Amino acid sequence: MRYEAPNTLDQAVALLAAELGEARVLAGGTDLLVQMRTDVIDPVLLVDIKGIAETRQIREEAGGFRIGAAVTGAELKEYPRLGSVWPGVVEAANLIGSTQIQGRATMGGNLCNGSPAADSVPALIAAGARASIVGPQGRRDVAVEDVMLAPRKLSLAKGEIVASFLLPAKPPRTGDAYLRFIPRTEMDIAVVGCGICLTLDARGACTAARVSLGAVAERPLLVAEAARVLTGNEALPVLLQKLDAAARAACRPIDDKRGTKDYRIKVAGVLARRAAQIAYQRARES
Amino acid sequence: MAKHHIAAVVNGDPVEFLCEPGDTLLDVLRDALGLTGTKEGCSTGDCGACSVTVDGRLVCACLMLGVEAAGTSIGTIEGMANGEELHPLQRKFLEHAALQCGICTPGFLVAAKSLLERSPDPTETEVRYWLAGNLCRCTGYDKIVRAVLDAAAEMRGA
């Protein structure tokens, strides 16, 4: 196996595009090294992208935040203002693993690892984040919900790298939240995850929403129907019941050791209601 | 494939080592540098026995490649005591009998030191969450948590 640590995206793309064997991008490595260790993958080339400035920076852009794909969870938490503007995204990223994992793990890696249960992904989707992808054909911006296709399958072409994410400018009276269910309090993989971002008008009625569910399908879902019901005219308890039903209707989970299909579907509805209530509260306070 | 020649700083001392691209930082510390205080537990980032700091950040040495350590400053358990004088955390672990078999202890000490550098007066909950990535199959954790809180109090001069 070769290890390369280029300083530019062009070099990184060229290395990945030219390699005929299995090539992998290395960001934090907290999934990649485990997969190498357990012989799930056996790459002939690792391209470490942490030497590339864009992947390691957070900066304010277009009223929002440009976050490098290789910024760690710990760095996200420490960056001033990010956690107060997009608390759902920062909290979701910080749910991944232990303190030690937070020191290395990245949102770029969390997305490109291609797990339907990735915690930061539904939060990014709910927030309307876009991935900036660089490859042999140049740069393109893609909604985060369109990056992952199925377990371990991404919509990236050979040689393409997720370089950074853009969290958009947050409209007034907007709040986001992410909740996941695990059978203990720490250090586990989501049975279900739910990210919600919603915007209120001056009277407190929801005018726009995005709802995303993780671990209930082959990839994290953006659930348009769940978002639509939140903008209805009914009283909040009615809206939340409709949200619960819409979230459940979107699920197409599998049975596995972490939960059955029926259980995941039920939990998806409950988490959607709870996440929406937190997002409402944050929108009112923002 | 040629080995990589890496220069880094370990416990304040400049070091150089050769490593294969696939060698972890844990392999390098233990096998190339002879620093066997950092333990190998699970090798998958779950147990925290290999906890070290890299540029002040707590990480699992098994989840980082040796080549990624180029130019960094690494802190291991060997850098914790000041000569013969134990770090307050080490003393408190002994006083509280916060270890039995001892395999997890270096990782707990390195992780706890990293916590107290950021948070000199942590709550018990903070200690438990910070150390959630360090597994101990002997003690049941209570004595470890008490030792950390007691060390924190002593270090604050309380």
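Biologist: Which strand of chain B does Ile6(B) lie in?

Modeller: Ile6(B) is in strand 1, residues 4–10 of chain B. Keep in mind that this is a predicted model.

Biologist: Is Ile6(B) buried or exposed?

Modeller: Ile6(B) counts as buried because its relative accessible area is 5%, and the cut-off for buried is under 20%.

Biologist: What does Ile6(B) touch, leaving aside neighbours within four places in sequence?

Modeller: Its contacts on that basis are Val15(B), Glu16(B), Phe17(B) and Cys19(B), plus Gly66(B), Val67(B), Ala69(B) and Ala70(B). For Cys19(B), which is 13 residues from Ile6(B) along the chain, the C-alpha atoms are 7.6 Å apart.

Biologist: OK, zooming out. How is chain B divided?

Modeller: There are two domains in chain B: domain 1 covers 4–79 and domain 2 covers 88–156. Their C-alpha centres sit 21 Å apart.

Biologist: How many residues are in contact between those two domains of chain B?

Modeller: Domain 1 of chain B puts in 14 residues, and domain 2 of chain B puts in 13. The area buried between them is about 1,000 Å², with 61% coming from carbon and sulfur atoms.

Biologist: And how many salt bridges or polar contacts are there between these domains?

Modeller: The salt bridge count between domain 1 and domain 2 of chain B is zero. There are five residue pairs in polar contact across that interface, counting pairs with both residues at pLDDT 80 or more.

Biologist: Which elements of domain 1 of chain B give two or more residues to that side?

Modeller: Those are strand 3 (51–54) and strand 4 (57–60) of chain B. Strand 3 of chain B gives the largest share, three residues. By class, the domain 1 side has five nonpolar, six polar and three charged residues.

Biologist: Now helix 2 of chain B. Which of its residues are buried?

Modeller: In helix 2, residues 88–95 of chain B, the buried ones are Pro88(B), Leu89(B), Gln90(B), Lys92(B) and Phe93(B). They pack against helix 3 (105–118) and helix 5 (142–155) of chain B.

Biologist: What follows helix 2 of chain B?

Modeller: Ala97(B) does, and its phi is positive, near 50 degrees.

Biologist: Switching to the two chains. How many residues of chain A and chain B are in contact?

Modeller: 27 residues of chain A touch 27 residues of chain B. The chains bury about 2,100 Å² between them, and 62% of that is on carbon and sulfur atoms.

Biologist: How many salt bridges are there between chain A and chain B?

Modeller: Four salt bridges are counted between the chains. One pairs the side chains of Arg57(B) and Glu78(A), at 2.6 Å from N to O. With both residues at pLDDT 80 or more, eight residue pairs are in polar contact between chain A and chain B.

Biologist: Which elements of chain A give two or more residues to the side that touches chain B?

Modeller: On chain A, those are strand 1 (2–4), helix 2 (32–37), strand 3 (45–48), helix 4 (73–78) and helix 7 (99–102). The residues on that side of chain A split into 10 nonpolar, nine polar and eight charged.

Biologist: Last one: where is Asn110(A) found, and why does Asn110(A) count as buried?

Modeller: Asn110(A) is in helix 8, residues 107–112 of chain A. Asn110(A) counts as buried because its relative accessibility is 9%. Its side chain makes a polar contact with the side chain of Ser120(A), at 2.6 Å. Not counting residues up to four places away in sequence, Asn110(A) touches Ile96(A), Ala118(A), Asp119(A), Ser120(A) and Val121(A).

Technical notes: Residues are numbered from 1 along each chain as its sequence is written. Chains are lettered from A and ligands numbered from 1 in the order in which they are written. This is a predicted model: local features need pLDDT of at least 70, side-chain atom pairs count only at pLDDT 80 or more; totals for chains, interfaces and linings use all residues. Side-chain values use heavy atoms; hydrogens and water are left out. Contact means heavy atoms within 4.5 Å. Buried area is the accessible area (1.4 Å probe) that two parts lose on being put together, summed over both. A polar contact is a pair of N or O atoms within 3.5 Å; within protein, one must be able to donate a hydrogen and the other to accept it, and residues adjacent in sequence count only if both atoms are side-chain atoms. Helices (H or I, at least four residues) and strands (E, at least two) are DSSP runs, numbered from the N terminus. Ala, Val, Leu, Ile, Met, Phe, Trp, Tyr, Cys and Pro count as nonpolar, Asp, Glu, Lys and Arg as charged, and the others, Gly among them, as polar. Domain bounds come from an automatic or database domain assignment. Buried means under 20% relative accessible area, exposed over 50%, partly exposed in between (1.4 Å probe, protein chains only).
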